[in-house]
Amino acid sequence: MLDAMIFLTVAAIVSISLVSAASNQHSEPNVDLREYVGRAHGVILRTTVQLEMPRESNNAWMTVSDLVMSYFLAIDRGEDIDSFEPILEDITQMIEGLTPSWAHFCWTAFYGPYELLIGEVPSNSESVWPSSIFSEMPILGGELRFKLEMWS
Amino acid sequence: MGGFIEAILAIMIVTSGLILLTFSFYLVAIDDEVDSDLDGRCEELIDLVLDDDSIMVEPGVIRHSALGKIDFSKIDIENGFKLVIDEISPEFTIVLGGRGTYSEGERCCLSVPVNVYHAPKDVRPALLRAWTW
């Protein structure tokens with residue numbers, strides 16, 4: 001009986017050690033990763049893009065944040081948004097380029113009832129690693145909002 | 001009596017397992033220290049650019065025309081390194097500086113998203129990358 005108790009005690013200690021070691025592998029993300037996502041988001045919004053204007057002599061150069069605002073205003077006015085499609089593809093490639101190779105991304109812009117989503121929607125909220133890794137940037141007093149999420 | 005010997009044997013096996021486990025963690029810790037040293041050098045190179053106000057338009061935005069003014073003499077890195085800017089759209093790589101050629105051994109890379117300011121209407125996304133070995 002005593003032998004069995006001693007054996008079980010030592011086995012329990014070993015098990016606890018192993019479980020503790022394994023659980024440390026999935027600890028909370030470090031500050032560097034949060035900082036990276038925040039920086040990447042700032043870079044995306046500051047980048048200038050060229051929107052081809054079919055009926056005007058000069059193409060419009062604007063920041064990504066201004067372009068998205070123009071996109072939402074065009075939708076709101078019921079205007080044709082085809083001219084935005086190529087530049088939205090460019091923005092997708094840009095975000096892919098800034099996303100680490102191991103990560104997925106989802107970039108969303110919100111304006112009133114409208115929403116623009118680029119990237120993937122996390123299929124299972126539990127699998128988002130970590131769900132808190134995102135950067136949210138409100139513009140125009142929060143009327144226009146951008147959110148960048150990355151997960152493994 | 002037989003049960004006692006079996007218990008002692010079991011304890012010896014478990015103890016040897018614990019010793020092996022501890023030794024493994026010790027080796028991992030040593031490896032982390034090496035990585036940490038390389039990480040530190042990468043951060044030093046990245047900060048050399050990001051903390052230099054003479055080449056920054058604003059925090060996170062590097063002036064393209066000032067890239068040749070980076071002063072590598074400010075840092076003391078004896079080992080090999082390479083510092084580049086990878087512009088993403090359009091794709092373009094600018095080598096800012098380096099020393100030596102990587103052949104084998106530990107190598108560390110650190111990437112930081114930045115904008116490169118070419119002109120008032122031409123601000124591009126990029127990754128500022130540092131390698132040390």
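## Confidence

In this predicted model, residues 25-29 of chain A keep a pLDDT under 50. pLDDT is the predictor's confidence in each residue, on a scale from 0 to 100. For residues 25-29 of chain A the model has four contacts beyond four places in sequence. Two residues are in contact if their C-beta atoms, placed from the backbone, lie within 7 Å. Residues 126-132 of chain A also stay under 50, and the model has eight contacts for them beyond four places in sequence. The mean pLDDT of chain A is 77, with 64% of its residues at 70 or more.

For chain B the mean pLDDT is 84, and 93% of its residues reach 70 or more. Among the elements of chain B, α1(B) has the lowest mean pLDDT, 78. Strand β2 (residues 61-63) of chain B has the highest, 94. Elements are DSSP runs numbered from the N terminus: helices are H or I over at least four residues, strands are E over at least two. For the complex, the predictor gives an ipTM of 0.72 and a pTM of 0.73.

## Conventions

Residues are numbered from 1 along each chain as its sequence is written, while chains are lettered from A and ligands numbered from 1 in the order in which they are written. The model is predicted, and local features need pLDDT of at least 70, side-chain atom pairs count only at pLDDT 80 or more, and totals for chains, interfaces and linings use all residues.

## Chain B overall

Chain B has one helix and six strands. Along the sequence they follow the pattern α-β-β-β-β-β-β. The radius of gyration of chain B is 24 Å, well over the 14 Å that the globule rule gives for 133 residues, so chain B is more spread out than a compact globule. That radius is taken over C-alpha atoms, and the rule is 2.2 Å times the number of residues to the power 0.38. Along the principal axes, the C-alpha atoms of chain B fill a box of roughly 90 × 30 × 25 Å.

Of the 133 residues of chain B, 23% count as buried. A residue is buried if 20 or more other C-beta atoms lie within 10 Å of its own, exposed if 12 or fewer, and partly exposed in between, with C-beta atoms placed from the backbone. Among contacts in chain B between residues at least 6 apart in sequence, 60% join residues at least 24 apart.

## Interface and core

In the interface, 24 residues of chain B are in contact with 21 residues of chain A. On the side of chain B that touches chain A, α1 (2-50), β5 (108-119) and β6 (122-132) each supply at least two residues. The largest share, 10 residues, comes from α1(B). This side of chain B divides into 15 nonpolar, five polar and four charged residues. Here Ala, Val, Leu, Ile, Met, Phe, Trp, Tyr, Cys and Pro count as nonpolar, Asp, Glu, Lys and Arg as charged, and the others, Gly among them, as polar.

The largest nonpolar core has 46 residues. Such a core is a set of buried Ala, Val, Leu, Ile, Met, Phe, Trp, Tyr and Cys residues joined through C-beta atoms within 7 Å. Ile44(A) and Leu98(A) have the most contacts inside it. Not counting residues up to four places away in sequence, Leu98(A) touches Ala40(A), Val43(A) and Ile44(A), and across in chain B Ile88(B), Pro113(B), Pro125(B) and Leu127(B).

## Strand β3 of chain A

Side chains alternate along β3 (residues 104-111) of chain A. Phe105(A), Trp107(A), Ala109(A) and Tyr111(A) point to one face and are buried.

β3(A) runs antiparallel to β6 (residues 144-151) of chain A, joined by eight bridges. Strands pair if DSSP finds at least two bridges between them. Phe105(A) stands opposite Met150(A) in β6(A). Six bridges join β3(A) to β4 (residues 114-119) of chain A, also antiparallel. Thr108(A) has Leu117(A) as its bridge partner in β4(A). β3(A) and β4(A) form a hairpin with two residues between them, and Gly112(A) in the turn has a positive phi of about 55°.

## Local sites in chain B

Ser89(B) and Pro90(B) are joined by a cis peptide bond, with omega about -5°. Most peptide bonds are trans. Pro90(B) sits in the loop between β3 (81-87) and β4 (92-99) of chain B.

Arg129(B) is in strand β6 of chain B. Arg129(B) counts as partly exposed because it has 19 C-beta neighbours inside 10 Å. Asp71(B) lies in the loop between β2 and β3 of chain B. With 11 C-beta neighbours inside 10 Å, Asp71(B) counts as exposed.
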